[in-house]
Amino acid sequence: MSVWDDLVGQEPAVAVLRKAVGGAAAVLRGESGPAVAGMTHAWLITGPPGSGRSNAGRAFAAALQCANDGCGECNECRTALSGAHPDISLIRTELLSIRVSEVRELVRRAAMSPTQGRWQVMVVEDADRLTEQAADALLKSIEEPAPRTVWVLCAPTVEDVVPTIRSRCRLLVLRTPPVAAVAEMLARKLEVDQELAWFAARAAQGHIGRARALARDEAVRERRSKVLEVPFTLRDLGACLKAAQQLLEAAKVEAKASAEKVDEKERSALEQALGVGTKGAKPREANAALKELEDQQKARAKRWERDVLDRSLVDLMALYRDVLVVQTRSGSELINAELGRNIEQLGARTTPEQTIRRIDAIATCREAIEANVAPLVALEAMTVGLFEGSSDGFSIPRRLAR
């Protein structure tokens, strides 16, 4: 067992990080030159969604604190991975952006010496969500770090991070985990049968978290199945509009169910901390604090709804990718092999050019939703494009964006 075990299919990246950990240990011993090669004070870890960026950042932080280069069993490793290590600071957000106030607090801690560990490690899981002001606040700390401070930033791509930040970091790119590696992990850790493990690994398209959910939750598999039924129901304009509405409603229901699990706990914890409900005068700042929490929860719910929608669109894109594989006879493995007959029938009724236009329609819909276009408008335009199969891309009037 080691801290690197959860980095599925990332052997090249793990080798780089292991070398850096060795270099960090050499620094602590007062060595220099080749002995410290590979170690630097700022890292940018990128990779596709679900590839394990955050896990890589946490594993690296744990290994830097461990006397045995990340054994996974000592107190330093356990507390680091659980988020309880005093010299590892983690910043992440379920909101649309990371605020400057959060970064300033992180920068303040980064200037301190380690209290009990070997390094002060600052992990920013969502560096792509830094506001411009937050990035400015972070820049000086990365440019002139304290002697025992290491920054680890995580983002989907290097382009998602502002140039002034990324130019001062060493880049480490994670790959999409191979299907075989994901399936092996699911069978070993979740103890599911091989058929289900391979199905979940293929359907997740390299997203480890998604693969875990598909392997152990039948409700998740059922929701995905309903999304993949959409292309086979688009028979007229009315069906297109209905399908768009159903996709949006399903996303809202799933996001709301996820939010309700944490919203009430957060509110109860805040009320208890503020003394709400106890005898005596209500703290003056209670209403403002509760209002701020509600605003944050609304923003998080919106982000989760977008994430669920985007996952559905990725599944639809994979289906049309399979149609294109059949039409072009490329011989590539189907992601949705269980729908092979339906995919062949859909491929026989259309041309590869139409399939490419449909994939483009889905991609444009994803971009529109991310650009804050009203989701229903974007989804309706997409489903109409899927039905017609002749869209060269669609545009959304600016007045409909909100």
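A disulfide here is a pair of cysteine sulfur atoms within 2.5 Å. Keep that in mind, and also that this is a predicted model, where local features need pLDDT of at least 70, side-chain atom pairs count only at pLDDT 80 or more, and totals for chains, interfaces and linings use all residues. Residues are numbered from 1 along each chain as its sequence is written, and side-chain values use heavy atoms, with hydrogens and water left out.

Okay, cysteines. By that cut-off we get zero disulfides. Cys74 is in none, with the nearest cysteine sulfur, that of Cys77, 3.6 Å away. Cys74 is also buried, at a relative accessible area of 18% (buried is under 20%, exposed over 50%, partly exposed in between, with a 1.4 Å probe and protein chains only). What about Cys240? Its closest cysteine sulfur is in Cys365, 13 Å off, so that's too far for a bond. Cys240 is buried too, at 0% relative accessibility.

Next, aromatics. Rings of Phe, Tyr and Trp (its six-membered ring) pair if their centres lie within 6.5 Å; planes under 30 degrees apart are stacked, over 60 edge-to-face, the rest tilted. We have one pair: Trp43 and Phe60, edge-to-face, 5.2 Å centre to centre with 70° between the planes. Trp43 sits in strand 1 (residues 42-46) and Phe60 in helix 2 (residues 53-65), so the pair ties together parts 17 residues apart in sequence. Helices (H or I, at least four residues) and strands (E, at least two) are DSSP runs, numbered from the N terminus. Both Trp43 and Phe60 are buried.

Last one: helix 4 (residues 100-110) has Val103, Leu106 and Ala110 as its buried residues.
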